[in-house]
Amino acid sequence: MLTLIRPDYNAICIEGARIVAELVRKKPDCILGFATGSSPLGLYQELIRMHQEEGLDFSKVTTFNLDEYVGLPPGHDQSYHFFMWENLFKHINVNPGYVHLPAGMADDVEEHCEWYDKRIDEVGGLDLQILGIGSNGHIAFNEPGSSLGSRTRVKTLTEKTRQDNARFFESIDQVPKYAITMGIGTIMDARKLILLASGKNKAQAIKNTLEGPISAMVPATIVQMHRHATLLIDEDAAGMLTADWRVD
Ligand code: GLP
């Protein structure tokens, strides 16, 4: 696990985008796992810049997203489908046929979740998965208590997560109660992980993730077991660390 502490949000996004771009150049048909939330937004902006100014080519890339709210249609402005198209996909030359997000409106959600994991395997597995972290230590929508070996499935969102995400909705009542999420085992199968964390409200979760024991109660701690995980953290998110994790 490589932990990189950088001065601010912009710096972690630039570093993260550099890692993604390096992979895309080396393996143009790579399989990328994307995340939503505010954390990866700057990284996506940098990828868009690289596409527009440097010709970074996404035409052969296959994508899988981590999660999606159950019950929100793809056109809903708070669905993760909508988020990904608005904030990344429509600005780069990704092939829409190669884009995968869990279907929050699937008739048979269980069957869909099984299909999603199978599809990842069929295309050769995730080369790189981008992650944010919830203030309670969740990754994707694997809330505290999630099995560390879990596969893609439906999870009930905690009150804390619904409160955190209420800022994007008119009121907390409109925040969905369930989501489809890649499992922790599914995420751990990715050949590389990048976890981005920025801001003081992530400091406790980052402390637990880096310095705490591996526990299903803090799902992000599982990244300690990954062979190629890079944690990109800004000074605010690193503010509660006791060990010196600084790497130049
Ligand atoms: C949601 C997403 C996670 C994300 C988390 C943190 O719960 N399912 O993938 O990491 O929010 O979001 P933010 O980056 O906005 O703090």
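Colleague: Which element gives the largest share of the lining of the second largest pocket, and how many residues does that share hold?

Modeller: H1 provides the largest share, five residues. This is a predicted model, in which local features need pLDDT of at least 70 and side-chain atom pairs count only at pLDDT 80 or more, while totals for chains, interfaces and linings use all residues. Residues are numbered from 1 along each chain as its sequence is written, and side-chain values use heavy atoms, with hydrogens and water left out.

Colleague: What makes a residue part of a pocket's lining?

Modeller: On a 1 Å grid over the protein atoms alone, a pocket is an open set of points where a 1.4 Å probe fits, with protein on both sides within 12 Å along at least five of seven lines; a residue lines it if one of its atoms is within 4 Å of a point. For the second largest pocket, of about 180 Å³, the lining residues include Arg 18, Glu 22, Lys 192 and His 228. Helix H1 (9-26) and strand S9 (192-197) each give two or more residues to this lining.

Colleague: What is the volume of the largest pocket, and which element gives the most to its lining?

Modeller: The volume is about 640 Å³. Thr 36, Gly 37, Ser 38, Asn 165 and Arg 167 are closest to the centre, out of 33 lining residues. H3 gives the most to the lining, five residues.

Colleague: What takes up the space of the largest pocket?

Modeller: The ligand does. A molecule sits in a pocket if more than half of its atoms lie within 2 Å of the grid points, so the ligand is counted as sitting there.

Colleague: Which residues come nearest to the ligand?

Modeller: Ser 38, Ser 39, Asp 67, His 138 and Lys 202 do, among 13 around it; a residue is near if one of its heavy atoms lies within 4 Å.

Definitions and conventions
Points joined across faces, edges and corners; volume = space filled by probe spheres on them. Helix = DSSP H or I, 4+ residues; strand = E, 2+ residues; numbered from the N terminus.
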